[in-house]
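Dear colleague,

Please find the structure below. My notes on it follow.

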Amino acid sequence: MTERERNKKTSAVNYVLTGDREGNRSTRLAGQVIGKVIERDGGRVTGRAIIAVLVILGVAGLAFVAYRLLMIDLILTLVGEQG
């Protein structure tokens, strides 16, 4: 796989995950992991690649939920202290 094809796939992954072609640090990392798994199997999307994508999405989802719960707790604590 050439560097141009790799950049094109990375750009596509970042766009799908964030709506931005450049992406942020975490989406670039996720894109690299997914790209390495796919390259390892000769460019084919296999069960291993699908599992890697699902694990990455699961971890990102859990991190998002944990962050939101922390923010809700912070807001409720501040509201409770004011009232």
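**Notes on the model**

Of the contacts in the protein chain (heavy atoms within 4.5 Å) with a separation of 6 or more, 13% are between residues 24 or more positions apart.

This is a predicted model, in which local features need pLDDT of at least 70 and side-chain atom pairs count only at pLDDT 80 or more, while totals for chains, interfaces and linings use all residues. Residues are numbered from 1 along each chain as its sequence is written, and side-chain values use heavy atoms, with hydrogens and water left out.

The protein chain has three helices and zero strands, in the order α-α-α along the sequence. Helices (H or I, at least four residues) and strands (E, at least two) are DSSP runs, numbered from the N terminus. The average pLDDT (the predictor's confidence in each residue, from 0 to 100) is 76 for the protein chain, and 67% of the residues score at least 70. By element, the mean is lowest in helix α1 (residues 3-18), at 63, and highest in α3, at 89.

Of the 83 residues in the protein chain, 17% are buried. Buried means under 20% relative accessible area, exposed over 50%, and partly exposed in between (1.4 Å probe, protein chains only).

The largest nonpolar core has five residues: Ile-34, Val-37, Ile-38, Ala-49 and Ala-52. Such a core is a set of buried Ala, Val, Leu, Ile, Met, Phe, Trp, Tyr and Cys residues joined through side-chain atoms within 4.5 Å. Two or more of its residues come from each of α2 (25-40) and α3 (47-82), and α2 gives the most, with three. Beyond its neighbours within four places in sequence, Val-37 is in contact with Arg-48, Ala-49 and Ala-52.

Glu-39 also lies in helix α2. Its C-alpha is 9.5 Å from that of Ala-49, ten residues away in sequence. Is Glu-39 buried or partly exposed? Glu-39 is partly exposed, because its relative accessible area is 28%.

The accessible surface of the protein chain (Shrake-Rupley method, 1.4 Å probe; for residues, only the protein chains shown count as cover) is about 6700 Å², with 63% belonging to carbon and sulfur atoms.

Regards
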